[in-house]
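Please look over this model alongside my notes.

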Amino acid sequence: MAPTATAAVSYSLLDVLSSCSLKELHLKRADGNRIMDSLYKTCITKKLIPSSNPAGNSYQCYVAVFDAALNGGLGLWILDYVEVVCADRYLTSSDPLEAQLLDGGFVKDWAQGRLKRAEEVIDAALGSDAALSTFQSSQLQQQLAQMRVLVSVLRSLDRIRTIAAGGMWATTSTSPVASLGAVTDRLSVKGDLQRAILLEQALQVVDWFARQRLLGPGSNPGRFGAHMEWRRLVSRRTAKASHRRIFLEELLQSLELRSSYPEISKAQMLKSVLLKSRDVDSTTWTTKLALLVYYLMDAALLDSGPGQGGPWGPRFQDAVEDMRRTFRLSAADLGVWQCYFLLDCASPASTEAEDPFLARACALLPSHVAEDTPFPFIEVLLALDRPDVALSLDRGQSEWGPGGATTAPASTSGRCGRSLEQTLTLMDVRLRCGLMTDALMLLRQHTADLVARGKSETEVRRQTRVLLRHLAEWTKDADKVAGMPEAAGPDVTGGGGWLNRLTELPLNVIEEFVLLEWLVEQMRTPIGAFAPLFFLQRGRIAEGVSAWSKCVSDAVGGPFSTYKVLGLGSHHKVSDSLHSLHSRPMCRVEEVTTQVQEQRHCRPSAALHTIPTPIHHKYLSPLLSNLHNTTLPCLCFQLLLLFLIIHPQ
């Protein structure tokens, strides 16, 4: 197979360039011409360089030969020149022109000229879809290859300059900062390297778009018939999430593109995303790619069509996989970027059918969780009534440590360094999943982290107070939502209600103080009746009786509402408390329990003949109807409570 014309030119040019030593190109021969001048004339003779603009001096000869090498695909020859000639600090000359050719100043100037021309070409190509279509079919691959060479050349120059600037004055006792600064400014290529990387990134994205058949005639125009229709949809999407800033706004703000979405055409969109923000750090680069993924999903440019998977069909999946390989991304990153769009469009699940955007996001997130998965995902999932997925996401993050290793079991469910607001959100996630004990463990993990970070004891107490009061308020509201009265009701949680379960948790000193403080504030409501229950569950009789007396005098529902709350306690805990109280020298209690034992087999009301009639009818009807089915310890405790109702003093 015969080589193409382009390949033949490259072979000829390589023969010419390899005939001369790189370190001798600047030297003069006997006739006064430099070796580079002769090399230039040879290229003209062999028609490897156009003769329309002849070089007038040695500097222009260098420029012409370097251009020919770049256009001919011999960028490695230029890179060799930089590594062999410019990196040799002993290769110097007193001639100003030769010094510029040897120290990298010429290569820098030449690269700047090439970058300027490339910027003009790319800017024109991204002016319209028609111009971009023409560019991708004729110049794209050549421009991309040349830009990669320029990036490599400038990286090499930057490395050489950095080494020279760091070691130039290492052997001297003084460092002439002013002179060094002047040299560094003249030869520094950091700004040029940033421009080259920016253009290379833009060309890589355009090349990927071209491979996915998103440019040119026959490409998918998208799902919107008019540009204003798309803008109105984005506005409605923003208004729907009025309580938060949507992920699209976060991406646009990161790139300072608030009014640039969506653009009127694909070319304009690529230009805004890729060239308006001049930063080339990894964070900005990944943000640009994330915004482009959002754009592709929003416009449905990769829709497989009806009956073939729709917007997330095989074509979209293949394109995502190709993007991952092309730009060396992780699967977790691409999954998160897709969820930016999905969660912005999602609506809370209804009883009829789950929102397709929410369903897709919930399917993606658990399998693409990483340590740096955005925390707002958890907040949004909680707002969309999917605390189960939010919990899975948080637990997946807690398994990540340095290097992706697991450092703690998933049951700890939370990482160090969370803010107070984030911890409150994570507590809500666990509470909505019915994991009250996990919520308390998260609270303790947060306070332990505060201590480890050196926070003051006052700050630790303050945040503990906020978190535990939040937990208590949630239990109060949850009992109401479950259809329970404020102080008692059906045993929907296996323990008499969420608030009752809260009083049964093993609290430390600070947590106990905060909870009792909250219960005291609730004394004028039936909720305050849980204060004596809290003490009795722990066998603290004296404190329980004291709290009972306060409830009797303050409770809005009367003493019987407090009696009902105390009936929610576990029987074995109540029996232990009653036994402890019975062993004390308290005559009234002994009289009550003795009467119960004596009258156990008599008429139920016989042991209670001294009770006033109003109290008998108001408080004893439920007790008497179940007397024969009640165990003796439980009955004694109930009568003890009744005794305290009658004689609160």
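Which residues in helix 7 (residues 129-138) are buried?

1. **Basis.** This is a predicted model, in which local features need pLDDT of at least 70 and side-chain atom pairs count only at pLDDT 80 or more, while totals for chains, interfaces and linings use all residues. Residues are numbered from 1 along each chain as its sequence is written, and side-chain values use heavy atoms, with hydrogens and water left out.

2. **Helix 7.** The buried residues in helix 7 include Leu-132, Ser-133 and Phe-135. They sit on the same side of helix 7, because their arc around the axis is only 165 degrees (taken from the directions from the helix axis to the C-beta atoms). Ala-130 and Ser-137, on the other side, are exposed. Buried means under 20% relative accessible area, exposed over 50%, and partly exposed in between, with a 1.4 Å probe and protein chains only. Helices are DSSP runs (H or I, at least four residues), numbered from the N terminus.

3. **Aromatic pairs.** The whole structure has 22 aromatic pairs. In one, Trp-230 and Tyr-261 have ring centres 6.0 Å apart and planes at 75 degrees, so the pair is edge-to-face. Trp-230 is in helix 11 (residues 227-240), and Tyr-261 is in the loop between helix 12 and helix 13 (266-275), 31 residues apart. Both Trp-230 and Tyr-261 are buried. Rings of Phe, Tyr and Trp (its six-membered ring) pair if their centres lie within 6.5 Å; planes under 30 degrees apart are stacked, over 60 edge-to-face, and the rest tilted.

4. **Ring cluster.** Ring pairs also link Tyr-59, Tyr-62, Phe-66, Trp-77, Tyr-81, Phe-106 and Trp-110 into a cluster.

5. **Charge over a ring.** Arg-538 lies over the face of Phe-534, 3.7 Å from the ring centre. The test asks for NZ of Lys or CZ of Arg within 6 Å of the ring centre and within 35 degrees of the ring normal.

6. **Positive phi at Lys-47.** Lys-47 is not a glycine, yet its phi is positive, near 60 degrees. Lys-47 is in the loop between helix 2 (35-45) and helix 3 (58-71). At 73% relative accessibility, Lys-47 is exposed.

7. **Positive phi at Arg-213.** Arg-213, also not a glycine, has a positive phi of about 60 degrees. Arg-213 lies in the loop between helix 10 (190-211) and helix 11. Its relative accessible area is 57%, so Arg-213 is exposed.

Methods: Helix = DSSP H or I, 4+ residues; strand = E, 2+ residues; numbered from the N terminus.
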